[in-house]
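Here is a short briefing to read alongside the model. Please keep the viewer open as you go through the points.

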Amino acid sequence: MANPFWENPETIGYGRLPARASFERFGSTQHAKIGQQPRKKVLSSHWRFHRCGSPDKTPEGWNTASFDDSYFLPVELPALWTMDDRVEDQPIYTNVRMPFKTEPPLVPAENPTGLYRYRLNDAQVPEGQRTLLMLSGIESCYFVYLNGIEIAFSKDSRLPTEIDLTQYLQAGGNIVALKVIRWSDASYIEDQDQWWHAGIHREVALYSTPSVFIRDIHCRPEYLLDQQQGRLAVDIRIGGEHRLSLNHSVSIRLLDPAGRRAIKRDLKASISKSNFYPVTGKGPLLTLETEPITVTPWSAEQPALYQLLVSLIDDKGQTIEATSLKIGFRHLVIKNRELLINGKAVLIRGVNRHDHSDTTGKVISEALMRQDIETMKQHNINAVRTSHYPNDALFYDLCDEYGLYVVDEANIEAHHHYAQLGADPNWANAFLNRAIRMVERDKNHPSIIMWSLGNETGFGPNQTAMAGWIRQFDPSRPIHNENAICEQGVSRHWDSNPQGSDIVCPMYPSVADIIEHARHTKDPRPVIMCEYAHAMGNSCGNLLEYWQAIEQYRGLQGGFIWEWLDHGIKSTANGQQYWAYGGDFGEDIHDLNFVCDGLCWPDRTPHSSLVEYKKIIQPITVRKHKGHLVITNKQHFNGLDAYHARWSHLIDGSAERSGALSVPLIPPGETATIALPELATPRQSNAIQSLLITFELAKNTRWAGKGHIVAWDQVKLTTGRRRKRKALAGASFKSTRQDLTVITRQAKLTFTNDGFISWLHNDQELLSGATEVNIVRAPMDNDGIKGWAGHQNKALDRWKSQGLFEAQQNWNRAKAVETADGTITVTQTNSVKTLAGTVRCRCIYTIDGSNSIRIEHHFEVPSSLADLPRLGLRYPLSGKFEQLSWFGRGPHETYCDRKQSGIIARHDSTVSNQYIPYILPQEHGNITDLRWLELRADPDSLLRMDALQPIEGSASRYSQEMLTAAYHTYEVAPDHRVWLCLDVMQRGVGGASCGPDTLEQYRLKAGQHQLNYDLTWKSEP
């Protein structure tokens, strides 16, 4: 038999006060203005906690004052018991599946339950005031008790519950007790591709109000686009039993961003008997409106906030309560397939963001919120979707302050039961209630530009009811609902169901998909992708092509990358710290590392994919045209006065000269052409020359300091010419049945049936094994998630079925000839045999009396093996080679479809630092557009590679075999060798862990390929 509370979707809560906007309460207008002495106490310390196996296993009388809780654990709140090592319970990660095997609305009988107790003393309860308890976020559902009396019950883990304690309080102290139940019917609609936790993850607070109080405030600031003025209407609802509010009044004062009065005098209105008239009376609700006034509109680029002071005045003329809200004036409208913000079709350069900390789970501090937002702003991100639930109210305050556009998402996702619950009338109340409570709490934030009806729950009447309520209550913001335009896994309805979504907001469309839609649709709605470019592991290929399409085609307005953060949990194994993922806590049902799919590591350090995103979406671009620089300001509202521009002249990758660049104040959306800086004629006539242009912040901002680089571009000046190689005599060879040896003045090179196996120079050995033709890489998550079955459509499963990872190297006997100029040419062929065919390679080594070898590789790839992971040679080198320099893209890793953020220059690093410890070990550290590479063991031992044309390459202490076998970072360790890979190319990284595969132009084709380079080894005894 279902429990009437936690297994009944129609029971959404009781004893809760009506939802309202988030604001603090003060005793005076002056305190409200400066934010001092709020009538609030945060209850963080002195809680006692105990975990029970299920709700019916609680100790007798545990919620009463006389109960002995000395054996309960002391806890500081907010905190999740699933992140507490003292508690027998664990976090669980699933993506689609529920973590237990029951059907809605039933949950397992073994249902972990947390008991919390707090002793409330008389000093915390103001006499003659209402006393209220605010519970901002608890997972999953909970009962509230005061002195053993059950006074409330609530669901919805991500929105606050307010409870009036006044009538239950006793003199001499009180016991507040909470019974938190981990699983409930609400869990079925909180199935949100995240860690399942349990506990109290947001603030618990006590606050007080007079008997008549400000119940709610709804600010409706309007930016009048044509007049470039603002108008404000404010609905203020007064609380108090019966008609206590009669003859009370409210006044409002509006201050501009500089703290000056924006309206000349305060506006005031009073509660009269007419408010309570039959039929026509609207209750204690007052509306105050301003005339049009001059305002600065709010946008992500110019987050102009106005301070609204609201005061409640009693019938004696005394201010009894006051509050302050930050509001912004802006204009939103959808017109001709564009979402216009203040009249501009703003491109949404967004990310999806879950609440996550690697040490506290879903408990997020203000410092972490600020770090997230500042890092987003530093990487040119202008929008965030609160996937898949409302965030803490403070997060929206910060988005208002820093300037981010927000899609506020309702706490609804039923992924496992996608096609079921959105159309089930038994769940209608729960759906609608979550939408109402979200909108009521967050309605005053200018940063919120869309309301989202949730995620991955199908489309049915429950969501249509949500959309209808929101549209009537707040017609100023559009509705976002991916469910309405795409029946997941079944069909695509991009041109359908306008009643369900004002935005065409698909998940993981291909570049071709969005272009086809933009070219042929008649739908008047804009396309803003709610999720794309799945950032799992080494990921985010072809962002360039997405944004070329977005900027070219009308109606494409950007989207939100999935997602901001890897959700690894800090753990220890084998004495090493690592980030754990699904299955690492002993869960029976889990989805492995699919929770680690962010642009940042769990500690919020950016991945190279975030650096790429920053470059692709940068707000200023530079290109060269006919001897001039063409500069485009891609901002929507700002000129370039906030930036200083600089140039650097790079010759063969090194900066030779630099200076300030004078740039006109280009209006938003406009382009200007300026002359190239005057540059000295280089001494090196064959040099590769380029100009690096950077735009830096001219002064400190909220989110970055002066000098922070916002945008850069590199333009070619000359391509350079390769010097001809002069052969030196002094080489000879000796051939036996076992090997072929070439001897020069200082070196001996040996070729056997295992290939090129030895290069001795002054009795020092370069190689630590045989070179080999390399056609595989340690699989990326985007190649196919190696811990998952059923991925036959992914590249990794295809490569496995082709036998690539077990391919056999078959070297033929090396042959040598001496040429007329005294050089030795060694030719050796290799057949790399797989189950699907054979890759053939002919290697030609030209060796003379110098320290250099010219090497040519001629590959033939059969059509049966098109789309290999990579094609090149791998050299196992002596481990002494640690120092690394190169001329190519950098300083971070780049790949053929993710290299726009790499500067073509000389870069210096170490081999050890090339390792990228992806949470699931995989391919890393690649370099594109590689001209030369140097490995140095000490000042007297140097190996240099010079490419005859730009190639790809890498140097690492981690072999691809080791990385392929490992599932965690603690399972790998640096090798005693250095693995040097030189490649024709690697397959692009793509995004196929969840979304479209690597684009065709970034895949290896069948047919003929060449790889040509010189190797030079200088080694002194």
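Buried means under 20% relative accessible area, exposed over 50%, and partly exposed in between, with a 1.4 Å probe and protein chains only. By that rule Trp62 is buried, with a relative accessible area of 4%. The model is predicted, so local features need pLDDT of at least 70 and side-chain atom pairs count only at pLDDT 80 or more, while totals for chains, interfaces and linings use all residues. Residues are numbered from 1 along each chain as its sequence is written, and side-chain values use heavy atoms, leaving out hydrogens and water.

**Aromatic rings**

- The structure holds 35 aromatic pairs; rings of Phe, Tyr and Trp (its six-membered ring) pair if their centres lie within 6.5 Å, with planes under 30 degrees apart counted as stacked, over 60 as edge-to-face and the rest as tilted.
- Trp62 and Tyr145 have ring centres 5.5 Å apart and planes at 80 degrees, so this pair is edge-to-face.
- This pair links distant parts of the chain, 83 residues apart: Trp62 is in the loop between β3 (47-52) and β4 (73-75), and Tyr145 is in strand β10 (residues 141-146).
- Tyr145 is buried too, with a relative accessible area of 6%.
- Both rings belong to one aromatic cluster, formed by Phe5, Trp6, Tyr14, Trp62, Phe143, Tyr145 and Phe153.

**Charges over rings**

- Arg492 lies over the face of Trp494, at 3.7 Å from the ring centre; the criterion is NZ of Lys or CZ of Arg within 6 Å of the ring centre and within 35 degrees of the ring normal.
- Over the ring of Phe887 sits the charged end of Arg931, 5.6 Å from the centre.

**Helix α5**

- Helices (H or I, at least four residues) and strands (E, at least two) are DSSP runs, numbered from the N terminus.
- The expected span of a helix is 1.5 Å times one less than its number of residues, and for the 13 residues of α5 (residues 461-473) this gives 18 Å, in agreement with the 18 Å between its end C-alpha atoms.
- Asn462, Gln463, Met466, Ala467 and Ile470 of α5 are buried.
- These residues cover an arc of only 140 degrees around the axis, which puts them on the same side of α5; the arc is that of the directions from the helix axis to the C-beta atoms.
- Pro461 and Gln472, on the other side of α5, are exposed.
- The cover over the buried residues of α5 includes α4 (428-442), β32 (448-452), β33 (479-480) and α6 (482-485), where contact means heavy atoms within 4.5 Å.

**Ser249**

- Ser249 is found in strand β20 (residues 249-255) and counts as buried at 5% relative accessibility.
- Leaving aside residues up to four places away in sequence, Ser249 touches Lys268, Ala269, Ser270, Ser311, Leu312 and Ile313.
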